[in-house]
Amino acid sequence: MRFIYLFLLCISIQTVKSQNQFVPDDTPYKKAVEMAKTEEKPIFIMLYADWCPHCNQMKKEVFNDPNVMDFLKENYVCIWKNIEKEEGIALKNKYNTKSLPTFLFLDSNETLLYALKGEMKTPEFMTEVKYALNSKMQLPYLEKEFLSDPSNSTKFFAYLNTLKKGKDRTDLSPATHTYLSTQSDAQLLSETNWRIIANGVTDINSREFQYVLKHQKEFAAVASQNRVDRKIESIVTELLRPLVDNLDTVNYYKQREVAKSIRLQKTDSLVFKFDLTLAERTEKWQFYKKVTLADTQKLVWNDASFLKDIGQTYLKHIKDTESLKKAIFWVKHSLELNDSYDGNLLLAKLYNKIKDKKLALQYANDAKVICTEMTWNTKEVDTLLAELNTK
């Protein structure tokens, strides 16, 4: 009897669990379009991936709510598509989806009416799905209103603010430049136009961004120097990061020169860090060495952690003694900024690599002292000391 009771209890728990677990609707996309025409409803699509924590949280919290699902099913033809499967891949590409989760609202002609991205709580999500039903809050209407009077900043912002709910910054650029083309250089120097530049300009070579570079003090007076700096840094990041992520070395080397042409230390520092990331991911150690030898002291001299990271890379991948001596110089400076166990241990290993046993022992012993004082495990430094003492 006890076994039967436990068995029934497990079945009951599993039943409750399955009832509480949201299961995406696998209706084929073409069928959903047909249903939308027949039922005279718009289409709601969630694009997700099984590995996406924000997608899973939305499924768990928002789409398990009966009130949410009742509203969606009453007002939309609803489908959920995994972006790693056939129909999901096609929809992701068609609507240029770069963030997860993404929610698309289409009419029966497959025109994008509204889009959302990212994790939301139920009240915020419900507000947005109701907005998506309002024709005067939909993208086609807002775009038409804007294009009828492209110099009108109020109409532009109405369109931009809705567009950016579901699109990345690069997708805001065409509308932004349409508006800004109606503004003279002098008109760019206003709080309104600064906000538009900050939100929608992504082209580093654009007239508007180049104007910002040449008039930083004037824009700082309108906004603040910190906001101007953030814009400059973000536009360089948006230029280079996708190329690094995709290991597109050919275009990266071209575009890095564009970024370097800005000739500001803050942008040079960004390029430096992207250079090193790309060199590490592509294992281009000669390029890594060239960049660090040229700019480490200029750009990251007061960053102890970064200096040690470079030193670790030299320890693993650089062989010539002169370059290793330069890495030793950088790591020594990191200890001047912040004396540390890992910095002393790294110096010991670097000296060992250039066969300077005396200094290797000195820094290994210093590392051992710090490690013992901190009551950390001394196994790694003990192994190095044993190796040095047997030579």
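**Entry 1: Asn344**

I listed the contacts of Asn344, leaving aside its neighbours within four places in sequence. They are Leu335, Asp339, Tyr363, Asp366, Ala367 and Ile370. I noted that this is a predicted model. Next I looked up where Asn344 sits, and found it in helix α20, residues 341–353. Is Asn344 buried or exposed? Its relative accessible area is 3%, and buried means under 20%, so Asn344 is buried.

**Entry 2: α11 and α14**

I then turned to helix α11 (residues 191–200) and helix α14 (residues 225–245). They pack at an angle of about 30 degrees. Their axes are 11 Å apart. Angles under 35 degrees count as roughly parallel, so α11 is roughly parallel to α14. I recorded their crossing as left-handed. Which residues meet there? From α11 I wrote down Glu191, Trp194, Arg195, Ile197 and Ala198. From α14 I wrote down Arg227, Val228 and Lys231. I sorted the residues of this contact into four nonpolar, four charged and no polar.

**Entry 3: α16**

I checked the length of helix α16, residues 265–282. At 1.5 Å a residue, its 18 residues should span 26 Å. Its end C-alpha atoms are 25 Å apart, which agrees. I looked up the buried residues of α16, among them Leu270, Val271, Phe272 and Phe274. Asp268 and Asp275 are also buried. What covers the buried residues of α16? The cover includes α14, α15, α17 and α18. Last, I looked just after α16, where Glu283 takes a positive phi of about 60 degrees.

Terms used: Residues numbered from 1 in each chain as written. Predicted model: local features only at pLDDT ≥ 70, side-chain atom pairs only at ≥ 80, totals over all residues. Heavy atoms only, no water. Axes fitted to C-alpha atoms, helices over the stretch in contact; angles between N-to-C directions. Helix = DSSP H or I, 4+ residues; strand = E, 2+ residues; numbered from the N terminus. Parallel < 35°, antiparallel > 145°, perpendicular 65-115°, else oblique. Left-handed = near helix turned anticlockwise from the far one by under 90°. Contact = heavy atoms within 4.5 Å. Nonpolar A, V, L, I, M, F, W, Y, C, P; charged D, E, K, R; others polar. Expected span 1.5 Å × (residues − 1). Buried < 20%, exposed > 50% of the residue type's maximum accessible area, 1.4 Å probe, protein only.
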